[in-house]
Amino acid sequence: MASSLLSFASASPLALLDPLKVNPRIGASTFLGKNFIKAKPFTRTSMSVAVEVSKFNELTMAPPDPILGVSEAFRADTHEMKLNLGVGAYRTEDLQPYVLDVVKKAENLMLERGENKEYLPIEGLAAFNKATAELLFGAESVVLQQQRVATVQGLSGTGSLRLAAVLIERYFPGAKVLISAPTWGNHKNIFNDAGVPWSEYRYYDPKTVGLDFDGMISDIKAAPAGSFVLLHGCAHNPTGIDPTPEQWEVIADVIQEKNHIPFFDVAYQGFASGSLDEDASSVRLFADRGMELLVAQSYSKNLGLYSERIGAINVVCSSSEVAQRVKSQLKRIARPMYSNPPIHGARIVANVVGSPDLFNEWKEEMAVMAGRIKSVRKKLYDSITEKEKTSKDWSFILKQIGMFSFTGLNKAQSENMTSKWHVYMTKDGRISLAGLSAAKCDYLADAIIDSYHYVS
Ligand SMILES: Cc1ncc(COP(=O)(O)O)c(C=O)c1O
């Protein structure tokens with residue numbers, strides 16, 4: 001009864017907040033569930049007191065996000081050795097956020113040109129869409145030459161995945177998305193919120209801390225024909241375990257046999273190996289086979305554009321005519337969601353990829369970032385194996401690639417890492433090596449060994 005708020009007169013403002021605290025000047029009241037209090041007056045003034053229970057009272061407190069919530073807890077910790085290995089964001093050796101030089105240069109170019117802030121078309125900045133598709137498939141690729149790719153700028157990787165999820169829900173009713181077990185925490189949320197059914201295929205083998213390739217293949221084979229198979233293009237999150245080139249061929253064979261639709265999530269192009277082309281090879285292998293596929297891209301990690309929310313969804317179709325229709329539907333999905341995408345990040349990417357000098361500089365900077373992560377990976381392995389006196393094999397740390405290492409620590413052990421050692425990480429045992437410095441490798445090694453051996 002919103003109108004009851006209008007009848008509020010002389011009650012204390014506190015009465016608005018707590019329906020059981022009634023202004024003594026007004027008198028005894030009745031509190032019935034969601035009903036507001038109708039006061040029986042002691043004074044001559046008769047009034048209704050607006051102490052209605054909130055219309056939002058049924059909402060419970062949502063749990064903190066399993067990844068972003070880790071950073072909140074980290075900020076509250078004052079211990080000098082604290083380490084944030086939760087979120088996958090690149091840090092310098094001093095553990096500070098890093099803005100790439102090429103990004104600063106691209107932004108300067110934008111200022112010099114005095115570009116305007118007019119709305120972008122729904123599908124995004126044309127120069128960005130061209131650059132992003134070329135980066136992914138290769139400028140000379142057949143799919144681009146034949147104009148078979150529908151590319152739409154998205155709100156980073158997450159927003160691009162969400163556009164595709166809605167496309168699936170709308171035009172493939174009942175089709176399932178197969179997701180690796182485990183996967184990046186937000187995948188399930190994205191498909192749940194879009195109303196797309198999903199199930200998991202085996203991926204991680206805890207015995208070997210490696211890929212359960214046989215399990216993966218048999219689960220993909222067992223899925224209903226025409227399912228979407230979500231694959232991490234490179235640097236699988238959270239495990240850091242990627243299929244070998246030979247295994248990718250077998251995965252493509254099975255997907256083709258079953259008439260499934262591959263759906264790649266490419267959030268780390270260039271970050272896994274240090275080479276943009278090498279990290280796109282899985283996607284290109286599928287595209288070269290003439291398959292139809294979806295690919296979500298993100299520039300959060302490889303250009304450090306986390307908060308610019310810049311990415312794209314690409315749908316490779318059997319003909320350019322189908323691609324045009326698919327693109328029109330993606331635009332139709334985007335329009336009521338956010339109307340049109342932001343321009344700043346799109347211009348940065350277009351400027352960097354579009355200028356041969358900046359493009360080469362970017363590749364160098366990316367190689368430095370990927371190199372720093374590789375070197376702390378090696379240093380962590382060396383520290384652990386030097387300190388560790390049992391025969392446990394830690395070589396998985398070196399075999400994994402990308403930003404993350406899946407330590408194999410269970411929930412209780414991961415909790416010990418935080419409560420005893422002030423090392424913040426996700427409870428599935430994943431650590432982001434991008435947040436580790438060489439100087440803290442020894443400390444982290446002690447924490448891992450202690451948690452592994454002394455917490456069951
Ligand atoms: C596998 C994977 N996909 C997508 C994303 C999307 O990130 P963003 O929305 O910041 O681009 C991430 C980020 O961590 C990721 O790890």
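This section describes the sheet, the helix packing and selected backbone features of a predicted model.

The confidence of the prediction is considered before the architecture. Averaged over the chain, pLDDT is 90, and 89% of the residues score at least 70. Residues 1-42 have a pLDDT that stays under 50. For this stretch the model has 61 contacts beyond four places in sequence.

Seven strands form an open sheet with mixed pairing, in the order S2-S10-S9-S8-S7-S3-S4.

Helix H4 (residues 126-137) touches S2, strand S8 (261-266), strand S9 (293-298) and strand S10 (310-316). The direction of H4 makes about 110° with that of S2. Helix H8 (residues 213-222) also packs on the sheet, where its contacts are with S3, S4 and strand S7 (228-232). Between the direction of H8 and that of S4 the angle is about 145°.

Packing between helices was examined next. Two packed helices are described by the angle between their axes and the distance between the axes. Helix H6 (residues 156-171) packs against helix H12 (residues 320-338) at an angle of about 110°, and their axes are 10 Å apart. This angle makes H6 roughly perpendicular to H12, because values from 65 to 115 degrees fall in that class. On the H6 side the contact is made by Leu163, Val166 and Leu167, and on the H12 side by Gln329, Leu330, Ile333 and Ala334. Six of the residues in the contact of H6 with H12 are nonpolar and one is polar, with no charged residues.

Helix H17 (residues 441-454) takes part in a packing with helix H14 (residues 356-387), at an angle of about 55° and with the axes 9 Å apart. H14 and H17 are therefore oblique to each other, and their crossing is right-handed. H14 contributes Val376, Lys379, Leu380, Ser383, Ile384 and Lys387 to the contact, whereas H17 contributes Cys441, Asp442, Leu444, Ala445, Asp446, Ile448 and Ile449. By class, the residues of the contact of H14 with H17 comprise eight nonpolar, one polar and four charged.

H17 also packs with helix H16 (residues 411-419): the axes come within 9 Å and cross at roughly 140°. H16 and H17 are therefore oblique to each other, and H16 passes H17 in a right-handed crossing. In this contact, Gln413, Asn416 and Met417 of H16 meet Ala447, Ser451 and Tyr452 of H17. The contact of H16 with H17 divides into three nonpolar and three polar residues, with no charged residues.

The peptide bond from Ala181 to Pro182 is cis, with omega near 5°. Pro182 is placed in the loop between S3 and helix H7 (186-194). A cis peptide bond also leads from Asn237 to Pro238, where omega is near 15°. The loop that holds Pro238 runs between S7 and helix H9 (245-257). Ser156, although not a glycine, has a positive phi of about 60°. The position of Ser156 is in H6, the helix that packs against H12.

Notes:
Residues numbered from 1 in each chain as written. Predicted model: local features only at pLDDT ≥ 70, side-chain atom pairs only at ≥ 80, totals over all residues. Pairing = 2+ DSSP bridges. Helix = DSSP H or I, 4+ residues; strand = E, 2+ residues; numbered from the N terminus. Contact = placed C-beta atoms within 7 Å. Axes fitted to C-alpha atoms, helices over the stretch in contact; angles between N-to-C directions. pLDDT = per-residue confidence, 0-100. Parallel < 35°, antiparallel > 145°, perpendicular 65-115°, else oblique. Left-handed = near helix turned anticlockwise from the far one by under 90°. Nonpolar A, V, L, I, M, F, W, Y, C, P; charged D, E, K, R; others polar.
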